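Trainee: I have a structure open and would like to learn how to read it. Could we go through some features one at a time?

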Amino acid sequence: MAAQIFSAIFVIIIGVGGCVAYFWGANKLLDLTFPSRGVSGTAAVNNLRRQGLVRPWLFVGPALIILTIYLIYPVIATLWLSFLDRGGTSFVGFANYEWALRDQDLRNAILNNLLWLAVVPAACTFLGLIIAVLTDKIWWGTIAKSLIFLPLAISFVGASVIWKFIYEYRGEGQVQIGLLNAIIQHFGGQPQVWISLPFWNNFFLMIILIWIQTGFAMVILSSALRGIPEETLEAAVIDGANPFQIFWKIMVPQIWGTIAVVWTTITILVLKVFDIVLTMTNGQWNSQVLANLMFDWMFRGGGDFGRGATIAIIIMVAVIPIMVWNIRQANKETGGH
Amino acid sequence: MAVATGNSFASRFGVHIAVLVFVAIWTIPTLGILVSSLRDKDQIVASGWWNSFASSSQTEAGRLPPASAQTQKDGKYVLEGNIFGDGAKRNISAFGVKAAAPTQYPAGTAADLGDGVTLQVNADGSFVMASPKAFEGDRGQRVYYASSAPPKFTTDNYDTVLFSEGIGRSFMNSLTVTIPATVIPILIAAFAAYALAWMRFPGRALLIAVIIGLLVVPLQMSLIPLLKLYNGVGTFFGVPSKTYLGIWLAHTGFGLPFAIYLLRSYIAGLPREIMESARIDGASDFEIFVKIVLPLSFPVLASFAIFQFLWVWNDLLVAMVFLGTAPDQIVLTAKLNALLGSRGGNWEILTTSAFITIIVPLIVFFSLQRYFVRGLLAGSVKGG
């Protein structure tokens with residue numbers, strides 16, 4: 001273990017030192033190759049121009065190489081692999097996609113993912129907005145927001161353990177140590193094995209993600225609400241609007257853009273949801289989702305890379321509209337820069 | 001915004017209550033595992049954690065020894081002993097012999113069971129049953145009793161989990177993964193961000209668009225090709241394919257788009273005059289970056305570092321694909337996932353392990369919340 005700590009420290013030094021050495025050294029080398037001082041006027045101008053051509057690539061180079069290896073190449077390779085067989089050796093055309101159309105597990109996973117997409121972003125945004133509005137009105141709002149924000153720092157696995165404990169089931173009539181069943185038994189209800197109830201168990205898993213992500217929605221929306229010009233609210237009050245009208249007709253329309261951002265951010269997260277399903281049910285009792293199914297196919301029986309890649313492509317296709325929209329928005333913003 | 005509220009007492013009171021309910025829902029689950037992790041493991045299963053400050057009381061049933069254990073004393077046949085055997089001592093408040101009336105007699109009194117038979121059960125569990133006639137039968141008398149144990153808090157669970165369940169080792173593994181994976185991307189991203197914000201070169205706009213596109217590419221797209229690549233490299237050089245170096249680089253790669261995006265939008269917003277006056281003074285891009293941009297960018301670098309730290313520390317998927325499950329490599333999240341399978345019912349182990357895995361992010365989060373929120377706002381609102 002000591003060796004491990006030592007090697008981690010060593011890597012930090014090597015990594016950071018290496019980066020510094022590269023940037024400094026490459027920059028120095030460029031200055032030496034095309035000197036701009038101590039040479040004649042025209043040569044200096046020419047060399048400065050050449051430096052200007054090369055230097056940006058020295059700066060973005062390392063990032064570009066890493067991005068290419070870890071993201072750009074894999075995206076293309078995954079697309080290619082989805083047309084290959086399980087070992088990734090021979091071309092099988094659309095066989096994996098045909099399988100995807102017919103496979104019952106995959107269909108279930110897609111349906112569950114759609115359910116997640118319908119519920120989680122809406123619930124997080126709605127709850128986040130309500131909490132943001134309410135906490136703005138009270139003196140201890142900052143503390144309240146901090147506490148609601150807190151689950152965002154907790155890992156999905158940790159959160160799953162936390163909620164599994166809440167959903168814990170003991171036979172009827174026994175002492176319930178899971179909070180949910182204890183409450184239900186207290187009011188005379190029947191304790192349930194929540195995470196294995198088909199269909200409804202999806203919602204019990206979604207609650208975990210909603211619990212984590214509401215804080216995110218709340219913080220972003222709260223800051224947007226503060227940006228609303230005071231005059232519009234005052235004018236509404238003078239015109240006799242009640243708080244609900246002010247909320248729905250004055251506040252919400254003005255932060256519509258931010259709501260869309262929060263919604264899409266959580267949508268992407270939901271498409272990739274993996275840890276919660278793996279740790280809570282591992283896809284049993286009809287709770288499978290795409291990301292977990294893909295992981296399953298990657299390693300099941302030595303792994304089927306063709307089908308795994310196909311599932312990844314399905315997730316990617318769902319993300320593409322958001323990606324295009326993001327790039328367009330960004331282009332609009334930086335267009336003048 | 002106060003103008004937007006009805007200012008009646010009732011509506012303000014309602015707001016306080018509503019927020020209180022939200023706060024309760026959002027904190028009680030975490031509180032549950034913290035409290036449970038500090039409870040005695042027998043008490044965790046005996047009562048809900050919300051009752052942990054009360055004596056946990058329960059009604060139980062036991063059986064006295066069979067007739068063969070009887071002795072004769074003062075002309076009577078007597079059965080003696082302790083209901084709890086050699087086990088944990090608890091307090092008995094009442095006892096009974098019928099399931100319908102399990103607490104009929106207070107502890108310490110002699111109950112008359114008819115035919116001259118008496119039974120006395122004391123608070124400490126010791127009992128005396130006496131009869132003028134010899135006891136018969138192989139099955140002893142059934143006894144019901146209400147017992148209570150005082151609340152017992154302990155750090156034993158932490159000892160067990162840290163040193164015998166391997167969580168301590170996993171904690172070190174998580175640190176080993178997280179710190180380099182947080183530090184390495186920062187400088188690489190910062191240089192790229194500066195070039196993309198302040199240097200003019202062909203292809204810049206395209207690069208920015210690519211990075212914004214990569215922001216949302218699901219991790220799942222990278223897993224299989226990288227796994228193949230790592231296996232290939234491992235075989236080619238005759239080295240293991242699952243290494244810390246591999247996961248450091250993987251996390252660096254996955255974190256870079258967000259890092260570059262976040263840093264670029266911040267650096268692009270720095271005042272142009274500062275850069276230009278430095279350039280007039282003869283500073284090169286490199287000097288401007290190191291002497292002006294880096295120091296001014298400290299807040300955003302801190303934001304990114306916190307994000308990356310939390311993301312890597314909390315990650316399960318990347319660790320499961322690119323790291324092994326042997327004790328020298330398994331990280332906290334993966335270990336916790338494994339414990340859920342192997343120790344599914346042992347809540348003292350699960351709650352304690354879970355609390356250890358979340359404590360570091362919680363500390364980071366609370367001490368640096370300001371930077372975290374700033375990064376969150378810059379990363380998503382402007383991102384549009």
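Mentor: Start with one residue. This is a predicted model. N286(A) counts as partly exposed because it has 18 C-beta neighbours inside 10 Å. A residue would need 20 or more to be buried, and 12 or fewer to be exposed.

Trainee: Where is the place of N286(A)?

Mentor: N286(A) sits in the loop that runs between α12 and α13 of chain A.

Trainee: What is the phi of N286(A)?

Mentor: First the general idea. Most residues other than glycine have a negative phi. N286(A) is not a glycine, yet its phi is positive, near 60 degrees.

Trainee: What about N282(A), is it buried or exposed, or partly exposed?

Mentor: N282(A) has 16 C-beta neighbours inside 10 Å and so counts as partly exposed. The loop that holds N282(A) lies between α12 (275-280) and α13 (290-299) of chain A. N282(A) also has a positive phi, about 50 degrees, although it is not a glycine.

Trainee: Now the overall layout. Into which domains is chain A divided?

Mentor: Chain A has domain 1 (2-81) and domain 2 (96-334). Their C-alpha centres lie 40 Å apart. For chain B, the assignment gives domain 1 (2-52), domain 2 (56-149) and domain 3 (158-380). Between the centres of domain 2 of chain B and domain 3 of chain B, taken over C-alpha atoms, there are 64 Å.

Trainee: Which residues of chain B does the UniProt annotation cover?

Mentor: The unreviewed UniProt entry places "domain: ABC transmembrane type-1" on residues 171-368 of chain B. In the model, that span is 80% helix and 0% strand, and its end C-alpha atoms are 21 Å apart.

Trainee: Which residues touch the most other members of the largest nonpolar core?

Mentor: The general idea comes from soluble globular proteins, where nonpolar side chains tend to be buried together. In this model the largest nonpolar core has 181 residues, and A189(B), A192(B), I260(B) and L263(B) touch the most other members. Helix α8 (residues 200-226) of chain A gives the most to this core, with 17 residues. Take I260(B): beyond its neighbours within four places in sequence, its contacts are A63(A), A189(B), A192(B), A193(B), L196(B) and I211(B). There is also a second, separate core of 14 residues, which includes F95(B), V121(B), F127(B) and Y145(B).

Trainee: Last, the strands. In which sense do strand β3 and strand β8 of chain B pair?

Mentor: Strand β3 (residues 76-82) and strand β8 (residues 126-131) of chain B pair in the antiparallel sense, over 6 bridges. One place to look is E80(B), whose bridge partner in β8(B) is V128(B). Strand β7 (residues 117-121) of chain B also pairs with β8(B) in the antiparallel sense, over 4 bridges. There, T118(B) has A130(B) as its bridge partner in β8(B).

Trainee: How many residues lie between β7(B) and β8(B) in the hairpin?

Mentor: The hairpin has 4 residues between its strands, and G125(B) in the turn has a positive phi of about 100 degrees.

Terms used. Residues numbered from 1 in each chain as written. Chains lettered and ligands numbered in written order. Predicted model: local features only at pLDDT ≥ 70, side-chain atom pairs only at ≥ 80, totals over all residues. Domains from an automatic or database assignment. Core = buried A, V, L, I, M, F, W, Y, C linked by C-beta atoms within 7 Å. Helix = DSSP H or I, 4+ residues; strand = E, 2+ residues; numbered from the N terminus. Contact = placed C-beta atoms within 7 Å. Pairing = 2+ DSSP bridges. UniProt positions renumbered as here; feature names shortened; annotations may be inferred.
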